[in-house]
Amino acid sequence: MTPDKRWPSDWVRAVLPTCILQAVAGSGEAYGYQIIQALKAAGFDGLSGGTVYPALNRLETDGFVSSEWRQGDAGPGKKFYSLTPKGQQRLQDASTDWNQFADLIKNLLHERNG
């Protein structure tokens, strides 16, 4: 895994599935390259297909995303991903949980530094 230059790789691994779900949700459906570009635009500069595609496969195996192959206009076909109802619920739950966890850490660090 090539982590973002600013974030430790274990942090990126922990949040990547949720961020992928959000990237897919934000577009309604997306193929892998679009997802990678959306994550890079959000600040995950060091991500590559070698990081994102295995995570997408796990999300599909777990039933959080579904995929459909479509023929490309002038090139190879693309696998488009969309959230399943289970994936939408997972994104909502993970977003709530992550925000609570981030607040906990922020408060803990503030107590130490403040």
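## Fold, salt bridges and surface of a predicted chain

Read along the sequence, the protein chain follows the pattern α-β-α-α-β-β-α, with 4 helices and 3 strands. Helices (H or I, at least four residues) and strands (E, at least two) are DSSP runs, numbered from the N terminus. The structure is a predicted model, in which local features need pLDDT of at least 70 and side-chain atom pairs count only at pLDDT 80 or more, while totals for chains, interfaces and linings use all residues. Residues are numbered from 1 along each chain as its sequence is written, and side-chain values use heavy atoms, with hydrogens and water left out.

### Overall dimensions

Taken along the principal axes, the C-alpha atoms of the protein chain fill a box of roughly 60 × 30 × 20 Å. The accessible surface comes to about 7500 Å², and 52% of this area belongs to carbon and sulfur atoms. Accessible areas come from the Shrake-Rupley method with a 1.4 Å probe; for residues, only the protein chains shown count as cover. Of the 114 residues in the protein chain, 30% are buried. Here buried means under 20% relative accessible area, exposed means over 50%, and partly exposed lies in between (1.4 Å probe, protein chains only). Among contacts (heavy atoms within 4.5 Å) between residues at least 6 apart in sequence, 50% join residues at least 24 apart.

Isoleucine 35 belongs to helix 2 (residues 32-41). This residue is buried, with a relative accessible area of 0%. Leaving out residues up to four places away in sequence, isoleucine 35 touches Ile20, Ala23, Val24, Ala30, Val52, Leu56 and Tyr81. Its C-alpha atom is separated by 9.6 Å from that of glycine 49, 14 residues apart along the chain.

Threonine 84 is placed in the loop between strand 3 (78-83) and helix 4. Its relative accessible area is 15%, so threonine 84 counts as buried. Apart from neighbours within four places in sequence, threonine 84 is in contact with Gly63, Phe64, Val65 and Ser66.

### Salt bridges

Side chains of opposite charge can pair when their charged atoms come close. A salt bridge is taken as a side-chain nitrogen of Lys or Arg within 4 Å of a carboxyl oxygen of Asp or Glu. A search of the whole structure finds 3 salt bridges, listed below.

| Glutamate 29 | Arginine 70 | 2.7 Å |

Salt bridges that share partners join Glu29, Glu68 and Arg70 into one network. The side chains of glutamate 29 and arginine 70 meet in a salt bridge. Glutamate 29 lies in the loop between helix 1 and strand 1 (30-31) and arginine 70 in strand 2 (residues 65-70), so this pair ties together parts that are 41 residues apart in sequence. Both partners are partly exposed: glutamate 29 has a relative accessible area of 33%, and arginine 70 has one of 28%.

Glutamate 60 is partly exposed at a relative accessible area of 25%, and lysine 79 counts as partly exposed at 21%.

### Pocket and nonpolar patch

The largest pocket holds about 340 Å³ of space. Its lining consists of Trp7, Trp11, Val12, Val15, Phe44, Trp98, Phe101, Ala102 and Ile105. Helix 1 (9-27) and helix 4 are the elements that give two or more residues to this lining; the largest share, 4 residues, comes from helix 4. The search uses a 1 Å grid over the protein atoms alone: a pocket is an open set of points where a 1.4 Å probe fits, with protein on both sides within 12 Å along at least five of seven lines, and lining residues have an atom within 4 Å of a point. Grid points are joined across faces, edges and corners, and a volume is the space filled by probe spheres set on the points.

On the surface, Trp98, Phe101, Leu104, Ile105 and Leu109 form a nonpolar patch with about 480 Å² of accessible area together. Such patches are made of residues with over 30% relative accessible area and no salt bridge, with nonpolar side chains (Val, Leu, Ile, Met, Phe, Trp, Tyr) joined within 5 Å and like charges within 9 Å. Leucine 109 lies in helix 4 (residues 85-113) and is partly exposed, with a relative accessible area of 44%.
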